[in-house]
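Colleague: I've got a model open and I'd like to learn how to read it. Could you walk me through it feature by feature?

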Amino acid sequence: PDPISVSDADGIMIDVNRLFEQQYRIQREEVQGKHISELNIFPPEQLVKFNSYMMDIINKKNVSPVELIFKHPNGEMHTLEMNSYPIEVKSTQLILSTTRDITLHKKAEDSLRVANAEMERALRIKDEFLANMSHELRTPLNAVLGMAESLEEQIAGPLNDKQLKYIRTITESGKHLLELINDILDLSKIEAGRLELNVSQVSVTSLCEASMRMVKEQAL
């Protein structure tokens, strides 16, 4: 149920429907025989846009619906979407136009645009945080792994079996932590659709033994 109007090629209004009267709060008799510019519906710059659109319709160009700002009877400026079509009645070329008030739709679009911009900003900050955090975590972790490797190679002096066992647990735990850091960064790649899977065979026995070693001390 959209407001409908019929005008001639010069923009003189011929007839409108009841919904047109309701939307603009103007009587049908007040519209007939007047040019659209006399109805005080559109601001001057919007009339220029309206006339340009009508010329394209008269010339039967394939154009998209036009959005126009109009003065609502309550004094506010609203947005409407207009679809116009050339029709012929008794060998006379006329223009049939349907209009729809899309003000609420436009406001919803603007709100969604702002929300999307805020979401993109939050995601960008999160990605920057994860990148910085991974760098800050890797720096001391690399030092721990380096020292553990040196101790395991007994560069600073000999170690007994129990000490070697502890050092290897430290190394294994450090490498596990490094993998977790990489997994955190993979989350960003997953969200961006850029994660590449590296499919390979895994020893279930080694996986279970490593898991046992990780929780052994806490279990004891």
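Modeller: Let's start with accessibility: buried means under 20% relative accessible area, exposed means over 50%, and partly exposed is in between, using a 1.4 Å probe and protein chains only. Ser91, at 70% relative accessibility, counts as exposed. This is a predicted model, where local features need pLDDT of at least 70, side-chain atom pairs count only at pLDDT 80 or more, and totals for chains, interfaces and linings use all residues. Residues are numbered from 1 along each chain as its sequence is written, and side-chain values use heavy atoms, with hydrogens and water left out.

Colleague: Where does Ser91 lie?

Modeller: In the loop between β4 and β5 (92–101). Those labels come from DSSP runs, numbered from the N terminus: helices are H or I with at least four residues, strands are E with at least two. Ser91 also has a positive phi, near 65°, though it is a residue other than glycine.

Colleague: And what about phi at Asn40?

Modeller: Asn40 has a positive phi of about 55° and is not a glycine. Asn40 sits in the loop between α2 and α3 and is exposed, with a relative accessible area of 58%. Glu38 is found in the loop between α2 (28–31) and α3, and at 52% relative accessibility Glu38 counts as exposed.

Colleague: How many residues does the largest nonpolar core have?

Modeller: A general idea before the number: in soluble globular proteins, nonpolar side chains tend to be buried together. A nonpolar core here is a set of buried Ala, Val, Leu, Ile, Met, Phe, Trp, Tyr and Cys residues joined through side-chain atoms within 4.5 Å. The largest one has 22 residues, and Phe20, Ile36, Ile41, Phe42 and Met82 have the most contacts inside it. Two or more residues each come from β2 (13–16), α1 (18–24), α3 (44–58), β3 (66–71) and β4 (77–89). The largest share, six residues, is from α3.

Colleague: Is Thr79 buried or exposed?

Modeller: Thr79 is buried, at 13% relative accessible area, and is found in strand β4. Leaving aside neighbours within four places in sequence, its contacts include Glu67, Leu68, Arg100, Asp101 and Lys106.

Colleague: Now the helices. At what angle do the axes of α4 and α5 cross?

Modeller: Axes are lines fitted to C-alpha atoms, for helices over the stretch in contact, and angles run from 0 to 180 degrees between N-to-C directions. The axes of α4 (residues 103–152) and α5 (residues 161–192) come within 9 Å and cross at roughly 165°.

Technical notes
Contact = heavy atoms within 4.5 Å.
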